[in-house]
Amino acid sequence: MENKENTLPLFFNGQQYFCPLELTLDVIGGKWKTMMIYRLKDGTLRSSELQHLMPGISNKMFTQTARELERDGMLRRKIFPVMPPKVEYSLTPRGTSILPLLYQLSEWGKNLSE
């Protein structure tokens with residue numbers, strides 16, 4: 001059986017990957033990216049609401065994570081021109097497409113604690 005993973009490189013955001021898993025982990029890897037996506041599963045949240053649902057994340061890491069996910073097309077950031085500034089985050093179709101896998105990972109984690 002031929003290994004099709006090594007037949008063609010993958011390109012995403014100007015980066016070249018030779019393994020689909022490497023690309024996947026680059027987009028959603030790390031503690032905060034998956035948590036941010038998972039917390040947005042039920043719909044749009046204001047910046048402060050989303051950050052509140054992610055205990056332990058610093059302001060700097062929150063902003064960095066949101067920007068990376070926005071850059072990779074996983075979430076949408078909407079800025080309202082009001083004072084004080086209001087920012088809302090929501091998942092894009094690409095971001096929503098990863099939810100079934102995150103639900104499975106969540107269930108797997110629950111089973112670990114039994």
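**Exercise 1. The charged end of which residue sits over the ring of Tyr 38?**

Before starting: this is a predicted model, where local features need pLDDT of at least 70, side-chain atom pairs count only at pLDDT 80 or more, and totals for chains, interfaces and linings use all residues. Residues are numbered from 1 along each chain as its sequence is written, and side-chain values use heavy atoms, with hydrogens and water left out.

Solution. Start with the test: NZ of Lys or CZ of Arg must be within 6 Å of the ring centre and within 35 degrees of the ring normal. Lys 41 is the residue here, with its charged end 4.6 Å from the centre of the Tyr 38 ring.

**Exercise 2. Find the aromatic pairs and classify them.**

Solution. Rings of Phe, Tyr and Trp (its six-membered ring) pair if their centres lie within 6.5 Å; planes under 30 degrees apart are stacked, over 60 edge-to-face, and the rest tilted.

- Searching the whole structure gives two pairs.
- Tyr 38 and Tyr 103 have ring centres 6.1 Å apart and planes at 75 degrees, so call this pair edge-to-face.
- Now place them: Tyr 38 lies in helix H2 (residues 31–39) and Tyr 103 in helix H6 (residues 99–112), 65 residues apart. Helices here are DSSP runs (H or I, at least four residues), strands likewise (E, at least two), numbered from the N terminus.
- Phe 62 and Tyr 89 are edge-to-face as well, at 5.8 Å centre to centre and 85 degrees between the planes.

**Exercise 3. Sort Tyr 103, Phe 62 and Tyr 89 by accessibility.**

Solution. Buried means under 20% relative accessible area, exposed over 50%, partly exposed in between (1.4 Å probe, protein chains only). Tyr 103 comes out at 38%, so it's partly exposed. Phe 62 has 3%, so it's buried, and Tyr 89 is buried at 6%.

**Exercise 4. Describe how H2 packs on H4.**

Solution. Take the angle first: about 70 degrees, with the axes 10 Å apart. Axes are lines fitted to C-alpha atoms, for helices over the stretch in contact, and angles run from 0 to 180 degrees between N-to-C directions. H2 is therefore roughly perpendicular to H4 (the range for that word is 65 to 115 degrees). Next, list who meets whom, with contact meaning heavy atoms within 4.5 Å: Trp 32, Lys 33, Met 36 and Ile 37 in H2 meet H4 residues including Phe 62 and Leu 69.

Technical notes: Angles under 35 degrees count as roughly parallel, over 145 as roughly antiparallel, 65 to 115 as roughly perpendicular and the rest as oblique.
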